[in-house]
Amino acid sequence: MLKSYEMSLRSRVAKRAEALREYCHRESYNTSVALFVDASRHSGRRRFVAWSFERNAPMFTCPVSLGSGAKESHVRSAYAEFSNNEGSHLSSLGRALVAERYEGRYGVAYRLDGLDESNSNLRPRCVVLHGWEHTTSYPIWPRAMVGSHGCPVLSQRMMRRLDKVLQNEQGTILDIFK
């Protein structure tokens with residue numbers, strides 16, 4: 001049985017998914033899978049959703065670290081702030097194309113290309129989707145998740161799971177919303 005806050009996440013993402021599916025169809029992006037981050041939720045809760053358009057349901061959900069705005073690593077942030085500015089160490093709201101896969105400092109990562117004015121600087125800022133050993137796979141609420149320098153960051157375990165999905169998909173959209 002899903003808890004009320006998990007039902008709330010599913011309900012909010014389902015509404016976003018309807019609109020995003022139309023956008024993806026119109027713009028020739030992936031209409032099978034999309035990724036969502038409900039940044040209005042406490043960082044210690046599940047707020048990342050890999051969504052199946054075909055099943056109209058989550059494939060999986062998990063916590064995700066977002067930008068803390070701090071230059072130091074491991075700063076905890078319960079609720080995210082946002083910026084599109086270089087050096088802000090904050091995540092950006094909006095839709096992004098999950099672009100090429102590569103092996104980087106934190107293992108498998110995916111470059112992101114912002115599709116909205118609110119996140120148009122993702123690639124120049126080197127904001128990517130990746131895994132990190134300091135992000136957990138399970139909710140830690142009421143504690144806050146460690147922050148990143150602007151990247152949406154999953155646990156290493158969940159990044160491996162997502163990577164298996166993304167390797168079979170092209171043109172997948174990540175939507176970070178509040």
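How far is the sulfur of Cys 126 from the closest cysteine sulfur? I looked this up before anything else, bearing in mind that this is a predicted model. The closest one sits in Cys 151, at 8.4 Å, which is too far for a bond.

**Cysteines.** A disulfide would need the sulfurs within 2.5 Å. My tally for the structure is 0 disulfides. I checked burial too: Cys 62 is buried, at 0% relative accessible area, whereas Cys 126 is exposed, at 59%.

**Asp 38.** Next I went to strand E1, residues 33-38, where Asp 38 lies. I looked for side-chain partners and found a polar contact of 2.6 Å with the side chain of Arg 12. A polar contact also links the side chains of Asp 38 and Ser 40, at 2.6 Å. Leaving out residues up to four places away in sequence, I noted that Asp 38 touches Leu 9, Arg 12, Arg 47 and Phe 177.

**Helix H2.** Last stop, residues 156-166. I listed the buried residues of H2 as Met 158, Met 159, Leu 162, Asp 163, Val 165 and Leu 166. They span an arc of only 155° around the axis, so they share the same side of H2. On the face turned away from that buried side I found the exposed Arg 160 and Lys 164.

Notes
Residues numbered from 1 in each chain as written. Predicted model: local features only at pLDDT ≥ 70, side-chain atom pairs only at ≥ 80, totals over all residues. Heavy atoms only, no water. Buried < 20%, exposed > 50% of the residue type's maximum accessible area, 1.4 Å probe, protein only. Helix = DSSP H or I, 4+ residues; strand = E, 2+ residues; numbered from the N terminus. Arc of directions from axis to C-beta. Polar contact = N/O pair within 3.5 Å; in protein donor to acceptor, adjacent residues only side chain to side chain. Contact = heavy atoms within 4.5 Å.
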